[in-house]
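Subject: Structure handover and notes

Hello,

Here is the structure for you to look over. My notes follow below it.

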Amino acid sequence: GFFHSFDRYRLNRDAEHRRLKFINLDLVGSGMAIEEGEKLPEATMHTMRDGRPTPVTTGDLFDGKKVVVFAVPGAFTPTCSQAHLPGYVVNADAIRSKGVDDIVCISVNDAFVMGAWGDDRNAEAITMVGDGNGDFTKALGLEMDGSGFGLGTRSQRYAMVVNDGTVSNLAVEDAGQLEVSKAESILEIL
């Protein structure tokens, strides 16, 4: 009777509230993406070392170094596996010859997946980093909603050059594109 209807109303109201909160806070993003000249936010991600996930901070990755970073929506996905990562593997020596200390690939995946993907693609010259919870990606304001494809919140495709923790160049791709963030494009701006 009445209590059953009231409970159903309360459950539906709570579910609607959670749904709206989820959309507003997690998928829309802040709309404030990092810009050239800004310092990277503090975050902890993970990389595989000695067969286990190991925390790595933005300080560990970027302080006192010149680093090329590229981010992909997902490990093992077609464009990422067939073009984006392989371009950096092939051009790693040329990129490093321009005074770059490290090349870092970041994705909203766990360290196990990133390690396996790097092994699968012969990416020994690339530091494969998992931003498993998307904390770094969200702090950059570069998250995207991949839920329509069953991916949840992921990183946009981008590349940046970071000097001692500060973004000197940032190239964010339009959806579905691979032009400005590919290795060849970054090599031209170094």
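First, a term: buried means under 20% relative accessible area, exposed means over 50%, and partly exposed is in between (1.4 Å probe, protein chains only). This is a predicted model, so local features need pLDDT of at least 70 and side-chain atom pairs count only at pLDDT 80 or more, while totals for chains, interfaces and linings use all residues. Residues are numbered from 1 along each chain as its sequence is written, and side-chain values use heavy atoms, with hydrogens and water left out.

**Overview**

The protein chain has six helices and nine strands. These are DSSP runs, numbered from the N terminus: helices are H or I with at least four residues, strands are E with at least two. Of the 190 residues, 40% are buried. The accessible surface is about 10,200 Å², and carbon and sulfur atoms hold 51% of that. Areas come from the Shrake-Rupley method with a 1.4 Å probe; for residues, only the protein chains shown count as cover. Contact means heavy atoms within 4.5 Å. Take the contacts between residues at least 6 apart in sequence: 62% of them join residues at least 24 apart.

**Cores**

A nonpolar core is a set of buried Ala, Val, Leu, Ile, Met, Phe, Trp, Tyr and Cys residues joined through side-chain atoms within 4.5 Å. The largest one has 22 residues. Phe70, Tyr88, Trp117 and Ile126 have the most contacts inside it. Two or more residues each come from β3 (66-72), α3 (78-96), β4 (102-107), α4 (111-120), β8 (158-163) and α6 (183-189). Helix α3 gives the largest share, five residues. Beyond its neighbours within four places in sequence, Tyr88 touches, among others, Val68, Phe70, Ile103, Ile126, Ala159 and Ile186. There is also a second, separate core of 20 residues, including Met45, Val129, Leu140 and Met160. As background, nonpolar side chains tend to be buried together in soluble globular proteins.

**Helix α4**

Which residues of α4 are buried? They are Ala111, Met114, Gly115, Trp117 and Gly118. They span an arc of only 165 degrees around the axis, so they sit on the same side of α4. That arc is taken over the directions from the helix axis to the C-beta atoms. Phe112 and Asp119, on the other side, are exposed. The cover over the buried residues includes β1 (44-49), β2 (52-57), β3, α3, β4 and β5 (127-130).

The N-terminal end of α4 is capped by Asp110. One of its side-chain oxygens lies 2.9 Å from the backbone nitrogen of Phe112.

**Loops**

Asn109 lies in the loop between β4 and α4. Asn109 is buried, with a relative accessible area of 12%. Its side chain makes a polar contact with the side chain of Ser107, at 2.7 Å. A polar contact is a pair of N or O atoms within 3.5 Å; within protein, one must be able to donate a hydrogen and the other to accept it, and residues adjacent in sequence count only if both atoms are side-chain atoms. Apart from its neighbours within four places in sequence, Asn109 is in contact with residues including Gly74, Met114, Asp131 and Arg154.

Most residues other than glycine have a negative phi. Asp50 is not a glycine, yet has a positive phi of about 55 degrees. Asp50 is in the loop between β1 and β2, and is exposed at 79% relative accessible area. Asn122 is not a glycine either, and has a positive phi of about 55 degrees. Asn122 is in the loop between α4 and β5.

**Aromatic pairs**

Rings of Phe, Tyr and Trp (its six-membered ring) pair if their centres lie within 6.5 Å; planes under 30 degrees apart count as stacked, over 60 as edge-to-face and the rest as tilted. How many pairs does this rule give? The count is two.

Phe70 and Tyr88 are stacked, at 3.9 Å centre to centre with 5 degrees between the planes. Phe70 is in strand β3 and Tyr88 in helix α3, so the pair ties together parts 18 residues apart in sequence. Both residues are buried.

Phe76 and Trp117 form a tilted pair, because their centres are 6.4 Å apart and their planes are at 50 degrees. Phe76 lies in the loop between β3 and α3 and Trp117 in helix α4, so this pair ties together parts 41 residues apart in sequence. Phe76 is partly exposed at 43% relative accessibility, whereas Trp117 is buried at 0%.

Best regards
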